[in-house]
Amino acid sequence: MAKQKSIKEMLTEMKDFSVLAVDLSYLSILFGSKDIAKEVVNIAKKMDELRYGLEKANLKAAATGGMDEDDLIGILRLAAYSERISDVAADLAKKVLTGQIHEIEKKAIKESEEQFVRFKVEKELEKRTIA
């Protein structure tokens, strides 16, 4: 059986996934990539699971008196906001999947300060970490 993640680990993972979802949703629009858009939708589903796990851990912490009530409320809010961010990113990605991205949305993203680079990874470099 897998070790239960801590609340801190789950919050960190949710934060990382929400940032990734936003970046990938932008990329899916910029490059018109349905594959990237599908990954954003998958991330949003994963966020639902993470939030559920975090809520259970929060209830357990409340039951054992392991944390202050204000801290527990803050944790629930962070989880809800992180999940909401990934849901909005998924909504954008779904527009890519259905071909409903408006030209103004594309233009706004292209003119944003975010810089993205697309490059092809050679077969022998697949599944390797870039540092």
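Q: Why is Ser-82 called buried?
A: Ser-82 has a relative accessibility of 11%; buried means under 20% relative accessible area, exposed over 50%, and partly exposed in between (1.4 Å probe, protein chains only). Ser-82 therefore counts as buried. This is a predicted model, in which local features need pLDDT of at least 70 and side-chain atom pairs count only at pLDDT 80 or more, while totals for chains, interfaces and linings use all residues. Residues are numbered from 1 along each chain as its sequence is written, and side-chain values use heavy atoms, with hydrogens and water left out.

Q: Where is Ser-82 found, and with which residues is Ser-82 in contact, leaving aside its neighbours within four places in sequence?
A: Ser-82 belongs to helix α3 (residues 69-98); helices are DSSP runs of H or I with at least four residues, numbered from the N terminus. Contact means heavy atoms within 4.5 Å, and, with neighbours within four places in sequence left aside, Ser-82 is in contact with Met-14, Lys-15, Ser-18 and Met-47.

Q: What makes the pair Lys-5 and Glu-13 a salt bridge?
A: A salt bridge requires a side-chain nitrogen of Lys or Arg within 4 Å of a carboxyl oxygen of Asp or Glu. The side chains of Lys-5 and Glu-13 meet at 2.5 Å, N to O, and form a salt bridge. By this rule, six salt bridges are counted.

Q: Why is Lys-5 called partly exposed?
A: The relative accessible area of Lys-5 is 34%, so Lys-5 is partly exposed.

Q: How do you know that Arg-51 forms a salt bridge with Glu-55, and what separates the two in helix α2?
A: The closest N and O atoms of Arg-51 and Glu-55 are 3.1 Å apart, and the pair forms a salt bridge. Arg-51 and Glu-55 are four residues apart in helix α2 (residues 34-64), so about one helical turn separates them. Arg-51, at 25% relative accessibility, counts as partly exposed, and Glu-55, at 28%, is also partly exposed.

Q: Which parts does the pair of Glu-83 and Arg-51 tie together?
A: Glu-83 forms a salt bridge with Arg-51, with the closest N and O atoms 2.5 Å apart. Because Glu-83 lies in helix α3 and Arg-51 in helix α2, the pair ties together parts that are 32 residues apart in sequence.

Q: Is Glu-83 buried or exposed?
A: Glu-83 has 10% relative accessibility and therefore counts as buried.

Q: Which residues are linked with Arg-51 in a network of salt bridges?
A: The network links Arg-51, Glu-55 and Glu-83.
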